[in-house]
Amino acid sequence: MIISLRSLSYEELKQNLDKDDKIVIWSCNLCIKYCSLGGIEKANILEDMLIEDGYGVIGKEIVSESCLLNLVRRHKMNKEDIFRKATAIIVLACESGYECVKTVFNDKKVIKIVRTVGVGGLSSFGRVVLTVPFEWTGLDFNVNGYQLYRVAEKLGLYPDFFDAEKKPKSKMVNIMVNGRQYKVKEGSNLLDALLSLGFKIPHLCYQPELSPAGKCRLCLVKIKGEKGLLPACCTQVEDGMEIIAEGKELNHLRKLILEMIMAECDYKILSRRSELQYLIRKYHINEPRFKLLKKTEPIDESSEVFVRNPNICILCGRCIRACAELSGQRILAFAYRGSKTRVVAELNKPIGHTDCAACMACVDSCPTGALAPKLIYQKTLC
Ligand code: FES
């Protein structure tokens, strides 16, 4: 994935705009979304900020792969009206995406807000990191990856979206984890806080860009004063919290939960690079102790760009939330109850026969490979 960081402050962005500009916010929905700079949610935030400051936003265009010239051209043709009216386009896309938009809309003010710093991926803590920096950054290849806020600090860029400039600085509070004191942001997500402190908490249904759902129960922790265990992903940090995040007992429980998750899916055909497979290896599980009699379901190959294999779906719901929260569509949903629960597209149609825009938000979110790009799926079959 291409890694980009914000290069303009909100004030600098506004200096590029006039109050009578008719603004379109163009946002890519792929790599840039993982750098927390793109996607529907960020476009909405920027729209609200600009409107509040008296600017006129006439539209938002969310596109997957803005770095494809043909795709930008096609979008221009399909939405000729708003683009004819627009006088300024703010591009929430990587620098290649920006070049494509600028080429197609060469008669408009096209504003770039990022610098693309290299190529990266997700660390084992589920954080986006930069591993192969571009030469201009002066950074060396780093197999473990550079944390983005450090890269931003070094290069004088911004690690967050525009709204971060408006937020008051969060208060730091003390928490005790496994007997040691730490300072973390008050109100932050406990799982995020623990992962950033270096605790290796397994998690499958949580993804930082999505709302937490507490479905897989892998991130359970003990909190002093609370009955039972709580999912860290659905808990907010409070001052004075005392937490047991790692230990023999929790490890045992997490392994047990993982075995139950494995019993629900055809784990033998999981891709080696999937998050679930990584955890199975990490917890040294060869064969789960539980077996569920599950019917083999047909694979849905109706989409032009991705494949849905319900047999390795673990019902974590990440695809459903990604579809709604990242791409602004609501194509996917849970259907049926109990052991018959399934993820379905619209009213249980093949996904290719729905209004799915193929933005791939669901595919990127899937921790098992139940949703996989068609190209990769076909390669695995060969
Ligand atoms: S990651 Fe917390 S319950 Fe799944």
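The points below go from the domains to their interface and then to one residue. The model is predicted.

**Domain 1 and domain 3: extent of the interface**
- Contact between the two involves eight residues of domain 1 and ten residues of domain 3.
- About 620 Å² is buried between domain 1 and domain 3, and carbon and sulfur atoms give 50% of that area.
- Of the area that domain 1 buries against domain 3, 53% comes from Lys33, Tyr34 and Ile40, more than from any other three residues.

- Zero salt bridges are counted between domain 1 and domain 3.
- Zero residue pairs in polar contact are found across this interface, with both residues required to be at pLDDT 80 or more.
- On the side of domain 1 that touches domain 3, helix 2 (31-34) and helix 3 (40-52) are the elements that give two or more residues.
- That side of domain 1 consists of three nonpolar, three polar and two charged residues.

**Glutamate 297**
- Glutamate 297 sits in the loop between helix 11 (275-282) and strand 14 (306-308).
- Apart from neighbours within four places in sequence, glutamate 297 is in contact with Pro310, Asn311 and Arg342.
- The side chains of glutamate 297 and arginine 342 are joined by a polar contact of 2.4 Å.

Methods:
Residues are numbered from 1 along each chain as its sequence is written. This is a predicted model: local features need pLDDT of at least 70, side-chain atom pairs count only at pLDDT 80 or more; totals for chains, interfaces and linings use all residues. Side-chain values use heavy atoms; hydrogens and water are left out. Contact means heavy atoms within 4.5 Å. Buried area is the accessible area (1.4 Å probe) that two parts lose on being put together, summed over both. A salt bridge is a side-chain nitrogen of Lys or Arg within 4 Å of a carboxyl oxygen of Asp or Glu. A polar contact is a pair of N or O atoms within 3.5 Å; within protein, one must be able to donate a hydrogen and the other to accept it, and residues adjacent in sequence count only if both atoms are side-chain atoms. Helices (H or I, at least four residues) and strands (E, at least two) are DSSP runs, numbered from the N terminus. Ala, Val, Leu, Ile, Met, Phe, Trp, Tyr, Cys and Pro count as nonpolar, Asp, Glu, Lys and Arg as charged, and the others, Gly among them, as polar.
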